[in-house]
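Dear colleague,

Please read them with the structure open beside you.

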Amino acid sequence: MNKYRVPSSVNLLRAREYGLENSFIHIEQTRRLANFTLCKYRNLTSYHHSSISTMSLEQSEYRYLLSGGANGHICCHDMFPSNLVVKHPIIFQIDRNSNREHHTNNICSLLWYPNDNGLFITLGLDKKLKIWDTNRVKTADEYEFNNFAYSAHMSSTTNTSIIAIGHENGDLRLIDIRTGSNSHIIHAHNKKGICLVKWFNNNPNLLASAGADGQVLFTDIRSSRKYYMALDRDNILTDNQQVNSRTTTSTSSIAHHRGVKSLEFLPDNSHLLTLGGDNHMYLWNVNNGQRLLVNYGPILTDNIRIITLACAQMKHDRTKSLVYVPFGKSIRIYDILSGERLTTLNGHLLPVSTCIYNRLSIELYTCSDDILVWAAIKKQQEDYELSMKTQERRYETTRSLGQILNRDQWSDDEDEV
Amino acid sequence: FLFLLVGQDEFSCIVIGRNSIGIYKENEQILEIDSPLLQETTSLISYCPIDDGRRYLVTDDCGKLYLLILESNKHNGSSSTTITDLKLNLLGEISISRYIIYLDNSVAFIGSNFGDSQLIRLLPEPQNGSHLELLESYTNLGPILDMSIIDLERQDRQLVTCSGYAKDSSLRFIRTGIGIHEHASIDLRNIKGIWALKIDNQYDNHLVVAFFDQTRLFHLQNDEIEEIELPAFDFQHQTLFCTNVTSNQYLQITTYSIRLIGNNGQNLLLEWKNENNEITVASSNQTQCVCAIGNELFYFEIGPASLKEISKCQLPYNIACLDITPLNSRDERTNLCVIGLWTQISVWICRLPTLDILHRESLTSDTLPRSVAMITFDGQPYVFVSLADGPIVYYLLDIEHGLLYERKKVPLGTKPTTLTICQHTDLSSTSNNSRTVLFACSDHPSVISSTNNKLVFSSVNLREIVCMCSFNSEYYGPSLTLVTDMGVILGRIDDIQKLHVRSLILGESVKRIAYMDEEKIYIILTQYMDLYQTDNIAPIKKMKELTEQQQQDDAYNSIVVLDQHTHEAHTSVKLLNNEEATSLCVLTFADDPSIPYIAVGTTIVFNDEDVPKCGRLILFRYKNGHMNMVAEKELNDIPYRMLPFQGKLLVSIGTSIRLYKFSLENHELIQLSKTSIECVECLELKVKDDFILTGDLMRSLTVLRYNVDENKFENIAHDPHPQWTKACEFIDDDTFVCAEDGGNIVSCHKNSGSTKEQERNILNELGSYHLGEEINLFRRGCLVTQQTSESAITLETCILMGAISGYIGLLLQLPPTLYKLLMSLQLALAEYVPSVGKIDHGTWRSFDSDGRSNVSSGFVDGDLIETYLDLPKTVQHDLIKDLHGENNVQLNATVEELVKIIEELARIH
C-alpha cells in the first residue's frame, strides 16, 4: 500500500505551479487509484433484468458505457458527469421491444470501434456478430456463423479493421470489416474451443488467444504458422536456454490447468495477465513468454464464463500498476508486480463479471446484475452525508441517521415509484 | 539524479549523484569525493565539462557553482593517465540553473528556469570573494505564480508578476511604454520650441529655447545650467529654427529674420529679412534652408559666410509646416522638400533647388497638418505627417520622383503632434551606435522606430510633451531634452522595446500578490526556505524582532506589505510553523465599506499527511504601516482561492465554495452559504456579476449563481467532461475559457437561450487549442488602453495569461466576421509559412491531453497571423486571393484592409 502513497496535495500543487512536477496528473491518479469506495449516490438508470455478462467503455471520450445482458439486451449509459449525486441516463437500448435487430441470446463480447464512437460491434450466443451504427442504433453489417463464438476483439491501434473471433471448435476467425470478408480462419486451438481472443495493444498483427483447455497462444496473422508462442506455466521452454521457444511449437505447454477466463494486456504492452478456471492468476512477459513468478493467491472464479479484469498502470512510474479482479461478489485490488493484495471492494450482491477502469475520470465500473461505480470520493461522500444529516435535522424530522442513509441509498427506487 | 560521463583513455566514468560525486573504474575501487561542500541537503542539478575534460562545472539547486577538478598523474613512459583524486571548489553564486554550458574563453552560459539566465566569466583570481563575473543576464519571467494588473495615472497600466523560485524569486513590473530617466530639469513654462547647439565644442552644450515673443539661450556645463546672451543671437523674437550649419556657423531663424552667425556666436555674419511680413515656418539642414512667409516659399543655400537666396515660389495656400531633413543622416543636403498646406489640406513635395512641385497628396481629413518629417527607416524613406487632432499619417516616399504612396494612419494622441527626428542610443547595446528615431510630441508621446522593416510605435511614459530635441551632452552622454508644460527635462529614455520589465528581487519565494488601491500597497505572500538562502540576498521583510526565531525555523510563510512606489517593505506578518498561505485577496465588506481588509487563507501542512486537514482564514486591517488581525476562522480543508463577492468573502475551500460575511460587532467571519454540489478539489474561482465560475482539479468548469434572497448557490451549468483544469476565466457572460494540465486551452459556451433545461445545464466545448504552455493563471485586462473608437476590435474581453515558462499571452474575443476572415487566413498561412521543425501547424495546435485528442478549433493563432505582415506584397495578394470561409463562402478582403486589421491587433500587445 505504501507504494501508492504520494506527496501531500498542497506540496504537489505548489510543485506544479512552479513547474517542478511534470507528472502531476499521474501522481494525483495514483493517490486515488487504491482508495476507491462505492459511489452510493451515483445510479445508472436501471435497465437490465438479467445478469450483465459484459461491458465496454468507449475509448475516444471515455464516456459511453455499453453493457450486455445474459438475455441479449444491450444498453448504453452516459457516464458523465462524474458528480457525487447523479443519475446516469440511458442513451439507447437494444432489446426485443425497441429494436428488431436485437440479439436473442447472451451477449459474449461488446466492442467499441477504437477510433471513434460512431460504431460498435456486438457478438451474441445466437451465433451472430453485428456491427452497429451508434447514431442511428441500426446494424450496418451482420455476420452469422455456424458455430458458437465466445469472444471477439478488435485491435486498438489506428487503421485497423480486423475483428478476431474465437469459436467453440477452436477456429480463430478474422473478419475485415472494411471488405466484409469473414473467411480467414486459423486453426490454432484444438477442438475444445477458444474462450478468449485479444489483440496486442501495440501491434495490429499479433494476437493472443486462450483456449478452454488452458492454452494461451500468440499468433502472428501475417505468418502461415498457427502460432509463434505458447505460454507455459512451468516455464520449461523459456528457462531452458537451449530450446528456443520461437521455433519450437510444442503443443504440450499449457498456461492454466483449466479453461482461461480472462486475458488482459497491461498498458505497458509488455505484460499479460491471465486468469484461469484453476483459480490462478498469472503474469507473463509478452516478449519471451516467460511466466513471472508473482503469487496472487487463489482467485475464485466461480461459474462465470468470461471475466474482464481492469488494469491501471501509471505513466510516470510503470511499477505502479494495479489490477481490479472480480472475486465472487467482491472486487480485489492487487499490485500487479508484487502480487500484494491492497483492498477489497464490497458492494455487489451477485458474482461480478466485469471491471472497467475509466482512466479519464478515474473511476471503476463493475457489473453483476447491476452496474456500480467506484471512485475515490470517500471524504466528499462523508461531507455530503453530514450536510444531508444537518439538513434533515433542520427540518426537525425524527428519523435516525441509519434511516436517512438508507433512504438516500435507495432513493433511486423511491423516485421510480 | 544520476549523470554519467565517460572518461577518455580508460574505462571509467564519473557519476554525479544528488549529493555525491564519484569515479567508477573497471575492476577498481570507487573513488568518491569527500568535501564539506556536499551536504545532506545539497542537490546537484547540472554539469558541463571545460575544454580539456579534466575540469567540470557543477551547479546545485541553491544556485551555487562548483568546479570539479580531476587530478591525475602521468605514468612514466606511457601516454595514459590515471585519475588519482577529485577536488571540488566553490566558485560563486549564480541563478538556480537548469543547464550550464561552457562556451569558450572562460565564459559560461547558465540557463535558468527560476531566475534570469546569465552569461558569466570565470575569473582565475577571486574578486570580492567570488570567482565569477556576471557579463549579461537575460530576463526570465517564469514561473509566473500570480499577477496583478494595476492602473497607474494617465490610463497607463502596469503588470506585476510573482516570478521565480527560492532565492531567485522576484516581483516583476511590466509596462508597455518607455520610461524616462531624468538627469536634470529646468523650471520654464510656455516654451514653444527648443534646439540644441554645439558652440565651440563637439558635444551639445547650448540650448536655444523659444517663447512666444522672445528667445533665451542656456549654457550647460557639466551639471550646471546658466542663461547667457551671445551678441549675435536675436533674443527679441520667437525662434522658429536654430541649428549648427556648415563651417562652424549657426543659423537662427526667428519670426523676424534669418541670421547666419559665426565666430562662436560672437559675430552676425549675414541677416536676411522680409520687411513686410513675418516668417511663419522654417527648416534647415547643414547647407540648405527653407522658410515660408504666408504662402511664399524661399529657398537658401548656406556656404561659408554666405546665405544665398536661390529660388522662391508661391503656393496657392499658406504653408503650415515644412521639412528638408536629409534622408540619409550623413548627407549634408537633400533635393526634396516636403510641405504641408492650410485650407486645401494636403502635403506637397517639391524639388530643390528649383522648387518644382513634384507631387500633391491630399490628406482627406478635416484637420490641418501640424508637422511633417522625412526619415529613413531600414533603408526605406518615409514621410510622416502629424495632424492637428492627434493622428499621424505616413507614406512611403519615392526619392526619384518625389511620389508618396501607401498611406497609413495611426492614432496617437488627441492634441496637435509635433514630429522631431532625434538620435537614440540603446542602453543595453554594446556598440555605441545611435539610430535615428522619430519622436512624436503630444499628449500621448511616442517614439517611432523600425525593427525588421516594421514600424514600431512605443509610447513614452510622460504626461505631455510640447517639443523636444536630442542633446548629446558631454556630461550626461546621449540625452534628450523634453519640454513638458511643467518645464524642461533633460534625460534619457529606456531602450525602445515593446515591454519593459523591472524586477524587485525578494530573496524568498513569492506566491500571491494583491494590490490595495486605497493605501497604494502591494500585499504579497512569501515563503522563506532556509535551505535555499544565500548570504548575498536578504529576504524582503524587515522584521527585527523575529531574527532570533528565524534561526529555529528553516521554512516559514509570511505576509509582506510593500509600498507601491518605493517597493519598501512596510510590515510583515509571520505565519505559524508548518502553516502555508495559499490564497489572498483585498476586499471591503458591505457592512463596513470604509475600510479595506486583507484576507489570507492558509493551511497547515504536515509532510506525512496525504491531504491537509486544517487551515484558517485570517482577516487583517492595514493602517499606517501596521497589520492588525481582525478575525480568524478555523477550516477543515484548504482554502484555494478567495475573491470579494458582493461585499462578502467568497472562498473555495477544498471540495466546496463558501460565502462569508463579516460581523463588525463580534469581529467574526460568519458563513452564509455553502455549495451543495461537491467537487473534487475546487482550485480556481472567478466571479462576474452574480455568476461564479469554478475550475476543478479533475473536472472541468462549473458555473454557479448566488441567489441573494434565498442565500443559496444555484448550479447554472457545468461541463461534464473530466479535465485537469488549472485556471479559468470568464470571456463574457456565456463564454468561458480554461487551461488544462496538458498545455491546452479550451473555451466553453453556455447555451442560455435553449428551451430545454438539459441543454441549458451543459457547457459545450466551443474551441480547443494546444498552447504548449503551462498556464498558471488568467487575468482580465490588457496592458494597452483603447485609443480610438474607430478600431474594429474592442479590448473589453482581453485576458492575459501567465505560464510557468514566463510566457504571458493575450486572449481576445474576435467578432464573428473577423474570426472567419482570420481563421481562413490562418489556414492559408499555415500552408505557406514554413513551420519550425516542419511540424505542421494544425498538428501542433491540435488539442492533445492525456488520453484525449482533438483538432484545434475556435482559436486563431496570433503569432502565425502576424507573420502575414512580413510577407512580400505579391505573396500577400496571392494568399488572400481565394479565402474561403465555412461552407466555401467566398470572403472578400483586400490586402490593405487585412494589413490594417492585423497591425491593429499587433498593436494591442
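In this predicted model, Arg512(B) forms a salt bridge with Glu17(A), and the closest N and O atoms of the two are 3.1 Å apart; a salt bridge here is a side-chain nitrogen of Lys or Arg within 4 Å of a carboxyl oxygen of Asp or Glu. Because Arg512(B) lies in strand S45 of chain B and Glu17(A) in helix H1 of chain A, the pair joins two chains (helices, H or I of at least four residues, and strands, E of at least two, are DSSP runs numbered from the N terminus). Arg512(B) is buried at 9% relative accessibility, and Glu17(A) is buried at 13%, where buried means under 20% relative accessible area, exposed over 50%, and partly exposed in between, with a 1.4 Å probe and protein chains only.

Within chain A, Arg42(A) forms a salt bridge with Glu363(A), with 2.5 Å between the closest N and O atoms, and this pair links distant parts of the chain, 321 residues apart. Arg42(A) is buried at 5%, as is Glu363(A) at 2%.

Arg14(A), Lys511(B) and Glu580(B) are linked in a network of salt bridges, and the whole structure holds 42 salt bridges over all chains.

Residues are numbered from 1 along each chain as its sequence is written, while chains are lettered from A and ligands numbered from 1 in the order written. Local features need pLDDT of at least 70 and side-chain atom pairs count only at pLDDT 80 or more, whereas totals for chains, interfaces and linings use all residues, and side-chain values use heavy atoms, leaving out hydrogens and water.

Best wishes
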